[in-house]
Amino acid sequence: RHGLSVHFASSRSSGTTSPSPVTQPSKNMPKLARYLQINTARDATPTKYDYALVMNGEDIETQPTYGEVQPKKNVTLFGTHDEKDFGSVGNPPAIRTFEVIPGSHHVLEASGRKLENVKAVLVVNAICTAAPEPNFYAQVEAAGKEIGPMFAQHDGLIVKHFLCSAWGDKDIGGGLYFFETKEQAEAYLASEFWEKVLVDTEWDKDSITYELYSVNGYAMAA
């Protein structure tokens, strides 16, 4: 898990962080990560991780009923199965880090799509009015396998990572979605389904934020 086995495409604009590029192309991404970290150019790169996505910020054309679209920025998304990689055991990370709530895999299984086909990443965060842990855990667990088709039915949606923040006050929840195209992510935000999610979710609607990224390259552990 220390080495990388894929070449990163060069960044289209400044500000994108990336691990050192290598030359061998990757065929498959590892299975769903249990922890995700979103790094800007100012953040330290984790020394260990399972995979990394170099992502460029994109405009969001859809205007959701609640929440605010964030300014574009370039970031790297790191995924791992071991929370120690991101310093969240006895030493909570200062960087934006999330635990992926068990049950997220139901969406991936229901979609039948491949993680390595991700071309767009949508991040929706908000302050939860009910503590993400254990409340989000309980909601996802209660939904069981039925939660998979609810999200996988949308065109190009590969997986939704249900998120619980692992830094700061640990009161941030939401979702990090993999899509096959940017247009499919926009269509999801414009759907009646999303409007219902906005109303039904236990979060501070004024605190909802949206970020959309195109994937410029990825690396994975050897």
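**Burial, strand pairing and salt bridges in a predicted model**

E99 comes out as buried, at 15% relative accessibility, where buried means under 20% relative accessible area, exposed over 50%, and partly exposed in between (1.4 Å probe, protein chains only). The structure is a predicted model, so local features need pLDDT of at least 70 and side-chain atom pairs count only at pLDDT 80 or more, while totals for chains, interfaces and linings use all residues. Residues are numbered from 1 along each chain as its sequence is written, and side-chain values use heavy atoms, with hydrogens and water left out.

E99 forms a salt bridge with R34, with 3.2 Å between the closest N and O atoms; the criterion is a side-chain nitrogen of Lys or Arg within 4 Å of a carboxyl oxygen of Asp or Glu. E99 sits in strand β5 and R34 in the segment before β1 (35-39), so the pair ties together parts that are 65 residues apart in sequence. R34 is partly exposed, at 27% relative accessibility. The structure holds six salt bridges. Another of them joins the side chains of K72 and D59, at 3.9 Å from N to O. This pair links distant parts of the chain, with K72 in the loop between β3 (68-69) and β4, D59 in the loop between β2 and β3, and 13 residues separating them. D59 is partly exposed, with 48% relative accessibility.

K182 and E186 also meet through their side chains in a salt bridge, at 3.5 Å from N to O. Both residues lie in helix α4 (residues 182-189), four residues apart, or about one turn of the helix. K182 is partly exposed at a relative accessible area of 23%, whereas E186 is buried at 9%. There is also a network of salt bridges linking K73, R96 and E211.

As for the overall layout, the protein has five helices and nine strands, taken as DSSP runs numbered from the N terminus (helices H or I, at least four residues; strands E, at least two). Along the sequence, the pattern reads β-β-β-β-β-α-β-α-α-β-β-α-α-β. Of the 222 residues in the protein, 54% are buried. Among contacts (heavy atoms within 4.5 Å) with a separation of 6 or more, 80% are between residues 24 or more positions apart. The accessible surface comes to about 10400 Å², and 49% of that belongs to carbon and sulfur atoms; areas come from the Shrake-Rupley method with a 1.4 Å probe, and for residues only the protein chains shown count as cover.

Strand β2 (residues 51-58) is largely enclosed by the rest of the structure, because seven of its eight residues are buried. β2 runs antiparallel to β4, joined by five bridges, and strands count as paired if DSSP finds at least two bridges between them. In this pairing L53 stands opposite L77 of β4. β2 is also antiparallel to strand β9 (residues 209-220), with eight bridges joining the two, and there E58 has L212 as its bridge partner.

I95 falls in the loop between β4 (75-80) and β5 (97-100) and is buried, at 18% relative accessibility. Its C-alpha atom is 7.1 Å from that of D43, although the two residues are 52 apart along the chain. Leaving aside residues up to four places away in sequence, I95 touches Q37, I38, N39, D43, A44 and W167.

Finally, the cysteines. A search of the whole structure finds zero disulfides, a disulfide being a pair of cysteine sulfur atoms within 2.5 Å. The sulfur of C164 is 7.6 Å from the closest cysteine sulfur, in C128, too far for a bond. C128 is buried at 9% relative accessibility, and C164 is buried at a relative accessible area of 4%.
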